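Here is a short tour of a two-part model, meant to be read with the structure open beside you. Have your viewer ready, and let's look at it piece by piece.

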Amino acid sequence: MKKITAYTALVVGALIFAYPFVWMLSASFKPEYEIGDMSLMASKWTFASYQLVFDTIPIFSAFLNSIIVSLAVTGAVLFFGSLAAYSLSKLKWRGRDTVFNLILFTMMVPFMVLLIPLYTLVVKFGWTDSLVGLIVPFMMNATALLILRQSFLTIPTSLLEAARIDGCSEWRILRQIVWPLSIPALITAGIIVLTANWNQALWPIMVIRDEALMTMPQMVLLFTVGGGAQARLGPQLAAGILLALPIVVIYLIFQRQFISSMASTGLKG
Amino acid sequence: MVRLEGLRKVYDEDVVAVHGADLFVDEGEFVVLVGPSGCGKSSMLRMIAGLEEITSGTLSIGDKKVNDVLPKDRDIAMVFQDYALYPHMTVYKNMAFGLELRKLPKKEIRRRVDDAAEILGLMDVLERRPKELSGGQRQRVAVGRAIVRDPRVFLFDEPLSNLDAKLRVQMRTEILNLHRRLGTTIIYVTHDQIEAMTMGDRIVVMNEGKIEQIDTPYELYSQPNNRFVAGFIGSPAMNFLSGELRTGRGIMFKHADSDLTVRVPDAAQNYMSGRDVMPVILGIRPEDIFLSDSPYMEGQTSEITLRIDLVEHMGNEMTVYGSSGTTQLVARLAPDARVKQDDTVTLAFLQNKMHFFDAESEVVFR
Ligand SMILES: Nc1ncnc2c1ncn2[C@@H]1O[C@H](COP(=O)(O)OP(=O)(O)O)[C@@H](O)[C@H]1O
Ligand SMILES: [Mg+2]
């Protein structure tokens with residue numbers, strides 16, 4: 001009896017949570033004049049909203065740019081984050097704890113504070129209107145470093161020492177011992193960084209003017225609020241769906257590792 | 001083969017783990033480092049392995065100074081207490097890994113791993129992961145990973161301490177057999193003095209970062225250099241009685257806490273360098289104590305009367321715990337000795353088995 005109550009509560013909760021997303025999905029396939037009601041059904045299903053999106057904005061190039069930028073950023077964060085996390089967790093050097101505390105401190109600094117100095121730098125380097133300007137400033141990330149360090153700390157030091165005696169360089173230890181044993185943490189950090197980066201709109205809006213170099217969130221934002229959607233709700237929802245789709249897919253693929261690692265590192269995104 | 005000269009290890013500027021150790025380990029020798037936990041055994045071994053920086057002193061392997069040589073270039077292999085097997089690799093790969101890094105031909109690697117697996121009885125588990133193995137099998141893989149490398153020196157850091165008692169005894173024999181078969185120099189760390197005594201050609205007893213004595217098991221047992229070694233080696237431990245030596249008619253040991261007086265060999269005269277009274281600690285092993293009416297004791301005059309607190313029958317002998325005032329003694333008596341709890345018995349010490357230590361420095365008189 002108790003169980004049934006608990007399950008009912010859970011199901012109701014899940015429905016409340018899921019409803020807006022499901023509604024959004026169904027509405028994006030409805031004719032424009034039917035979107036106003038809250039029902040999930042339509043008299044007929046249509047791709048018209050999507051058609052308008054594809055016709056008015058270069059959504060494919062935006063998609064491609066987003067993929068390039070977020071994969072490059074994620075790859076760089078995992079790479080440099082691993083190097084730093086390895087050094088901070090498994091190598092001994094003077095001032096290590098101080099450096100680690102400084103890195104923790106950077107997590108407290110809101111991105112808004114960095115916006116202007118970062119922008120100034122990017123202008124100085126001549127990286128405006130280029131994907132480099134979207135990638136380089138985000139190649140290091142304290143949250144990812146923290147997740148990786150936490151995971152590396154659980155690897156027994158004797159493993160690394162055995163590998164050192166076996167003939168591994170530190171770099172090879174990272175590749176052949178540490179990484180294979182930290183896959184859940186790499187996935188978690190990767191998803192967090194990828195999601196955050198994929199959704200980033202503010203920074204691209206500052207750095208990119210050229211439509212051919214715009215990323216998805218920037219493009220979708222300009223489309224929905226900038227008049228491209230001609231104030232019609234359907235295409236706005238369709239663009240939103242296209243923006244969210246890759247993240248949902250990635251999450252579905254990796255959800256098991258993601259959840260287990262979230263639970264074990266005790267961190268949320 | 002391995003030479004330590006004034007080898008010192010200081011952690012964090014002020015924790016001295018090893019105070020200037022001198023040691024020479026010969027080719028093919030099995031040397032055991034033994035001592036209580038925290039005495040610096042692992043630090044010493046890890047300096048030899050190259051896993052800890054040497055604070056000062058010289059370490060040579062072969063004839064080459066290797067202070068600044070990387071672990072992988074020292075031609076050593078190490079077996080860790082927790083085995084340190086790579087969890088994501090198969091048993092085969094665990095053993096082959098070091099050889100692959102050294103770019104040996106595939107066939108040669110296969111041959112060496114198979115040979116080692118054969119010796120260690122691991123042929124059937126080569127494709128398994130470490131977590132699918134029993135404790136004993138993991139231990140063997142760790143040993144296998146060391147022997148496929150065919151190094152000049154094996155280093156073992158408490159390799160058996162995670163095994164149950166029975167397996168420990170079995171692995172002890174296996175490692176000894178392996179040593180006999182390969183003839184490779186071994187430096188082996190343990191805190192277990194029985195393991196040390198049964199395995200080592202020579203034993204290095206350490207305490208608080210210092211080497212107390214380096215000797216064969218027999219020498220160590222029969223001629224300990226100081227009170228620490230005397231008390232550490234042997235189980236049950238040697239009995240110690242504080243008191244003084246006095247000259248009178250012959251030399252007597254007078255116990256400080258009781259009226260116990262023991263006649264000691266006249267040779268003890270030499271310790272006293274002319275003095276009449278000399279504070280000392282008398283050490284006597286439990287098996288060198290007998291009932292005074294036993295035939296062994298003919299002509300021995302050192303006797304002490306004790307009340308028996310506890311008797312443990314072992315079958316082949318019995319361990320008797322007795323006391324006289326605040327003094328406690330442990331004796332190992334023949335199984336047929338007719339003593340029981342609460343008896344009062346007279347015991348005698350074998351005169352030529354008594355050890356005398358300087359009360360101050362705790363160094364033995366010789
Ligand atoms: N990495 C380290 N940093 C600081 N102190 C250490 C370190 N490793 C060992 N010590 C200290 O050095 C001493 C000797 O330790 P160790 O060599 O591990 O002894 P054992 O192996 O005989 O138990 C101990 O007091 C220990 O606390
Ligand atoms: Mg140790």
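Strand β3 (residues 30-34) of chain B runs parallel to strand β9 (residues 202-207) of chain B, and 4 bridges join the two. Helices (H or I, at least four residues) and strands (E, at least two) are DSSP runs, numbered from the N terminus, and two strands pair if DSSP finds at least two bridges between them. This is a predicted model, in which local features need pLDDT of at least 70 and side-chain atom pairs count only at pLDDT 80 or more, while totals for chains, interfaces and linings use all residues. Residues are numbered from 1 along each chain as its sequence is written, chains are lettered from A and ligands numbered from 1 in the order in which they are written, and side-chain values use heavy atoms, with hydrogens and water left out.

**The mixed sheet of chain B**
- Leu33(B) stands opposite Val204(B) in β9(B).
- The open sheet has 6 strands with mixed pairing, in the order β6-β7-β8-β3-β9-β10 (chain B).
- β6 (76-79) and β10 (210-215) of chain B stand at the edges with a single partner strand each, so one side of each has no neighbour in the sheet.
- From one strand to the next, the twist averages 15°.
- Helix α5 (residues 165-182) of chain B lies across β3, β7 (153-157) and β8 (185-190) of chain B, at about 145° to β3(B). Axes here are lines fitted to C-alpha atoms, for helices over the stretch in contact, and angles run from 0 to 180 degrees between N-to-C directions.

**Nonpolar cores**
- The largest nonpolar core has 96 residues, and those with the most contacts inside it are Ile177(A), Trp203(A), Val2(B), Leu155(B) and Ile187(B). Such a core is a set of buried Ala, Val, Leu, Ile, Met, Phe, Trp, Tyr and Cys residues joined through side-chain atoms within 4.5 Å; buried means under 20% relative accessible area (1.4 Å probe, protein chains only).
- Leaving aside neighbours within four places in sequence, Ile187(B) is in contact (heavy atoms within 4.5 Å) with residues including Val2(B), Val31(B), Leu33(B) and Leu155(B).

**A second pair of strand partners**
- Strand β16 (residues 303-313) of chain B is joined by 5 bridges to the antiparallel strand β19 (residues 344-349) of chain B, where Ala348(B) is the bridge partner of Glu303(B).
- β16(B) also runs antiparallel to strand β17 (residues 318-324) of chain B, with 6 bridges.
- The hairpin of β16(B) and β17(B) has 4 residues between the strands, and Gly315(B) takes a positive phi near 100° there.

**Chain A**
- Chain A has 13 helices and 0 strands.
- Its C-alpha trace spans about 70 × 65 × 30 Å along the principal axes.
- Buried residues make up 42% of the 269 residues in chain A.
- In helix α12 (residues 216-225) of chain A, the buried residues include Met216(A), Met219(A), Val220(A) and Phe223(A).
- Just after α12(A), Gly227(A) takes a positive phi of about 100°.

**The largest pocket**
- The largest pocket holds about 1200 Å³ of space. On a 1 Å grid over the protein atoms alone, a pocket is an open set of points with protein on both sides within 12 Å along at least five of seven lines, and lining residues have an atom within 4 Å of a point. Grid points are joined across faces, edges and corners, and a volume is the space filled by probe spheres set on the points.
- Of the 32 lining residues, the closest to the pocket's centre are Lys92(A), Lys9(B), Leu51(B), Glu52(B) and Glu53(B).

Terms used:
Buried means under 20% relative accessible area, exposed over 50%, partly exposed in between (1.4 Å probe, protein chains only). On a 1 Å grid over the protein atoms alone, a cavity is a set of points where a 1.4 Å probe fits but cannot get out, and a pocket is an open set with protein on both sides within 12 Å along at least five of seven lines; lining residues have an atom within 4 Å of a point.
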